[in-house]
Amino acid sequence: MDRNSFIYKNFMTILNYELVPWEADAHEDSKLDYSMLSMRNIYDFATTLDISDVKPILLRQARYNNALANEGLEKEDGANIGRIMMEQSSNVHNLARARTVAALDAWASGSRLPVIVNADSVYQGIGVCLPLQEYAMEEDMGQSAYYRSLVISNLSAISFKRRVGENGEFSSSVCAGLGVAAAVCYLRGGSYEDITKVMRKTYSITQGLNCTDDEPLGAAKLALGVEAGLLAVELWHAGRL
């Protein structure tokens with residue numbers, strides 16, 4: 001996609017606007033144009049963009065949210081759902097969920113570390129980011145594929161939240177699961193058509209997963225959203241979609 005095109009510039013503006021450190025009521029109603037956030041445009045943007053344009057934004061997201069995950073795994077505060085998951089298995093699927101939930105454990109327990117949100121949601125910001133690092137390392141992907149997967153995950157979640165999430169009961173954990181499904185499918189060699197399949201399956205699995213601010217229930221729901229996305233990818237990879 002041409003770096004000078006309106007879509008390219010608009011998507012860069014959206015990423016800069018949406019992926020910021022969390023502050024209560026930090027964003028007013030956005031005047032940005034989200035109408036072009038179709039999956040086709042997101043895929044074309046992510047797979048053709050110049051990595052240097054997005055690296056500073058995504059590197060900050062990865063660093064901040066990984067630091068929060070490390071704190072969640074090290075401390076005894078809260079329900080420690082992430083640590084419990086980590087003790088169950090060291091396979092990539094479980095590590096992806098465990099580190100994600102550990103970051104939310106830390107934030108919910110009052111961590112002073114910054115966290116990068118997605119569409120004003122801490123749940124979504126953590127959920128679309130942390131699982132991808134584990135899969136990128138598992139698949140021995142380079143930095144380019146990792147950053148492109150982060151773009152897919154972030155923009156997919158933002159797009160879905162904007163289109164469907166005006167309902168206050170709609171869960172950010174579902175949006176995170178959709179973003180993870182799209183990005184992990186991409187990391188495992190999926191095409192645009194494959195990505196849309198796993199997203200549809202993820203949404204079907206997560207029907208009824210409503211929003212909550214209660215902890216540790218919120219952390220558990222985020223784990224379920226991410227789990228749904230990863231399960232959909234496994235079904236696709238096994239030829240079951």
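Leaving aside its neighbours within four places in sequence, with which residues is Leu-73 in contact?

**Entry 1. Leu-73**

I opened the predicted model and began with this residue. Leu-73 lies in helix α3. Setting aside neighbours within four places in sequence, I found Leu-73 in contact with Gly-82, Arg-83, Met-86, Arg-99 and Ala-102. I then looked up how far Leu-73 is covered. Its relative accessibility is 19%, and Leu-73 therefore counts as buried, since the cut-off is under 20%. I also noted a distance: Leu-73 and Ile-84 are eleven residues apart in sequence, and their C-alpha atoms are 9.1 Å apart in space.

**Entry 2. The whole chain**

I next looked up the elements of the chain. The protein chain has eleven helices and zero strands. Read from the N terminus, the order is α-α-α-α-α-α-α-α-α-α-α. The chain has 241 residues, and buried residues make up 56% of them. Of the contacts between residues at least 6 apart in sequence, 76% join residues at least 24 apart.

**Entry 3. Asn-66, also in α3**

Is Asn-66 buried or exposed? I found a relative accessible area of 11% for Asn-66, so this residue is buried. Asn-66 is found in helix α3, which covers residues 51-74. Not counting residues up to four places away in sequence, Asn-66 touches Arg-99, Leu-130 and Gln-133.

**Entry 4. α1 against α3**

I stayed with α3 and looked up its packing with helix α1, residues 6-18. The two axes come within 10 Å and cross at roughly 15°. That angle makes α1 roughly parallel to α3, because angles under 35 degrees count as such. α1 passes α3 in a left-handed crossing. From α1, the residues in the contact are Tyr-8, Met-12, Leu-15 and Asn-16; from α3, they are Asp-53, Val-54 and Ile-57. By class, I recorded five nonpolar residues, one polar and one charged in this contact.

**Entry 5. Helix α4**

Which residues of helix α4 are buried? In α4, residues 81-88, I found Ile-81, Gly-82, Arg-83 and Met-85 to be buried. Their cover includes α3, α5 and α11.

**Entry 6. α5 against α7**

I then turned to helix α5, residues 92-108, and helix α7, residues 130-138. Their axes come within 7 Å and cross at roughly 150°. The two helices are therefore roughly antiparallel to each other, because the cut-off for that term is over 145 degrees. The crossing of α5 past α7 is right-handed. On the α5 side I listed Val-92, His-93, Leu-95, Ala-96, Arg-99, Thr-100 and Ala-103; these meet Leu-130, Pro-131, Gln-133, Glu-134, Tyr-135 and Glu-138 in α7. The contact of α5 with α7 has seven nonpolar, three polar and three charged residues. Arg-99, Leu-130 and Gln-133 are also the residues that Asn-66 touches.

**Entry 7. α9 against α11**

At what angle do α9 and α11 pack? I found an angle of about 30°, with the axes 8 Å apart. α9 and α11 are therefore roughly parallel to each other. Their crossing is right-handed. Ser-173, Ala-176, Gly-177, Val-180, Ala-181, Val-184 and Cys-185 of α9 meet Lys-221, Leu-222, Gly-225, Val-226, Gly-229, Leu-230, Val-233 and Trp-236 of α11. By class, these residues divide into ten nonpolar, four polar and one charged.

I checked the span of helix α8, residues 143-164. At 1.5 Å a residue its 22 residues should span 32 Å, and the end C-alpha atoms are 32 Å apart, which agrees. α8 is mostly covered, with 17 of its 22 residues buried.

I repeated the check for helix α10, residues 192-205. Its 14 residues reach 20 Å from first C-alpha to last, close to the expected 20 Å. The buried residues of α10 are Tyr-192, Asp-194, Ile-195, Thr-196, Val-198, Met-199 and Thr-202. These buried residues pack against α2, α8, α9 and α11.

Notes
Residues are numbered from 1 along each chain as its sequence is written. This is a predicted model: local features need pLDDT of at least 70, side-chain atom pairs count only at pLDDT 80 or more; totals for chains, interfaces and linings use all residues. Side-chain values use heavy atoms; hydrogens and water are left out. Helices (H or I, at least four residues) and strands (E, at least two) are DSSP runs, numbered from the N terminus. The expected span of a helix is 1.5 Å times one less than its number of residues. Buried means under 20% relative accessible area, exposed over 50%, partly exposed in between (1.4 Å probe, protein chains only). Contact means heavy atoms within 4.5 Å. Axes are lines fitted to C-alpha atoms, for helices over the stretch in contact, and angles run from 0 to 180 degrees between N-to-C directions. Angles under 35 degrees count as roughly parallel, over 145 as roughly antiparallel, 65 to 115 as roughly perpendicular and the rest as oblique. A crossing is left-handed if the near helix is turned anticlockwise from the far one by less than a right angle, and right-handed if clockwise. Ala, Val, Leu, Ile, Met, Phe, Trp, Tyr, Cys and Pro count as nonpolar, Asp, Glu, Lys and Arg as charged, and the others, Gly among them, as polar.
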